[in-house]
Amino acid sequence: MASFPDSVNENDIGKAKFIGELLVPVAPFDQKSGREAWTVAFAPNGSYFAWSQGHRIVRLIPWTKCLDSFSVGHGEEGTNALSPRHLSRQSSDGGQVVPAAGQPPEHTIDCGDIVWGLAFGSSVPEKHSRCVNIEWHRFKFGQDQLLLATGLNNGRIKIWDVYTGKLLLNLMDHTDVVRDLTFAPDGSLMLVSASRDKTLRVWDLKDDGNMVKVLRGHQNWVYCSAFSPDSSILCSVGAGKSVFLWNMDKFTPIRKLEGHHHDVVSCEFSPDGALLATASYDTRVIVWDHDKATILLELGHLFPPPSPIFAGGANDRWVRSVSFCPDGRHIASVTDDRLVRFWSIEERAPLAIASVSNGLCCAFSAQGSVLAAGTRDGSVHFWECPRSIASLQHMCRMALRRVMSTQQVEALAIPALLCDYLTYKVI
């Protein structure tokens, strides 16, 4: 049974609209372990969707093909929650499918080991490598370059060309599972890998994958990392309640955020960079003002919440993943109670919920209209995000916060109420 605050009528919570799923072939010899979809990812330009469907395999599918299959927004049929579309199993059972004329190709990639982390990276030519001898580089990344990084069970990272499906680089330095990968969003092709070897490593793909720096500070496994929208700050989370912030210009620690009572497994910045959401096995998602290291909002998944001393106990409300919608107003979380929750930053109870068995990860599409969630059986489920029109106030707040920190806003000669709104104290 789902858990909601006593003040909330569960029947008043909306049901998210299920629009389709991607299935994987099931062989008679399939084992229970190794089939997990640990990661799902959307290309920054919205062109591709990728997921690790288990047993070393990653699928790359043009996102327009998924949308056409699901018929999202195409008349009444596409918006009917009772008739979701399925991308059939035969399109997911290996081999390259011949695309229609003008459609990008889809690929099935065998990575050689279990895939834990996925990340898309796109190149901007004016963002140069930090390496001086750029004429020595093997790869010349153009403006239309799109890469996929895969983090493997054996500690390796493989870099693939999305459009051709070819392997470009094989990065070897981690000594344990590469749990998560994230590219800097500025087009520099700087890649950060988070590993169970307790380190984060920074790679420069424009320098042929040269490792730039090792970030040390975590005492246990590192589960996830995320860049701020301007690429200046990295958040990393892991076992032992760890939430670290790093200066990515100097590769030095900024501060550690204190507030979780159990392992922190997922993190993501808001699109304007003003907020940071972290998900933990302590049954909570915390929304932070990372500039001030303060908690602005707690999204609880168990009521009453466990006390700190009991938060480490096994329960069915462990939060597995959190994702910030590109509209800056919605957050999605996946938990062990077989629910996906859609939250508004203005409320402490979910706007909508959806059922998903054994969910592991989630991610919003580039436009924020669709949420994808990967599961333990290697399949992916899709829902429409609850829709609402953002206020002009919120849009102005996001525009301002993209360029100003909390401290800079507080220094402005403006009324206190307006300052509180701009710093998300009044959400």
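How much of the contact count in the chain, at a separation of 6 or more, comes from residues 24 or more positions apart? It's 54% of those contacts, with contact meaning heavy atoms within 4.5 Å. Before going on, some ground rules: this is a predicted model, where local features need pLDDT of at least 70 and side-chain atom pairs count only at pLDDT 80 or more, while totals for chains, interfaces and linings use all residues. Residues are numbered from 1 along each chain as its sequence is written, and side-chain values use heavy atoms, leaving out hydrogens and water.

Now the overall picture. The chain has five helices and 30 strands; these are DSSP runs numbered from the N terminus, H or I of at least four residues for helices and E of at least two for strands. Of its 427 residues, 56% are buried, that is, under 20% relative accessible area with a 1.4 Å probe, counting protein chains only.

Let's step inside. The largest nonpolar core has 19 residues, where a core is a set of buried Ala, Val, Leu, Ile, Met, Phe, Trp, Tyr and Cys residues joined through side-chain atoms within 4.5 Å. The members touching the most others are C235, V237, V243, L245, C267, F269 and L276. Two or more residues each come from β16 (222-227), β17 (233-238), β18 (242-247), β20 (264-269) and β22 (284-289), and β20 gives the most, with four. Zoom in on C267: beyond its neighbours within four places in sequence, its contacts include C224, C235, V237, L276 and V322. Apart from this core lies another one, of 18 residues, with V24, A37, V40 and W63 among them.

Next, a sheet. Four strands form an open sheet in the order β8-β9-β10-β11, paired antiparallel; pairing takes at least two DSSP bridges between two strands. Because β8 (115-122) and β11 (167-172) are the edges, each with a single partner strand, one side of each has no neighbour in the sheet. From one strand to the next, the twist averages 20° (axes are lines fitted to C-alpha atoms, with angles from 0 to 180 degrees between N-to-C directions). β8 and β9 (146-152) pair over seven bridges, and F120 stands opposite L148 in β9.

Finally, helix α3 (392-401) has H394, R397, M398 and R401 buried. They sit on the same side of α3 because they cover an arc of only 95° around the axis, taken from the directions from the helix axis to the C-beta atoms. Their cover includes α4 (406-410) and α5 (416-422).

Technical notes:
Buried < 20%, exposed > 50% of the residue type's maximum accessible area, 1.4 Å probe, protein only.
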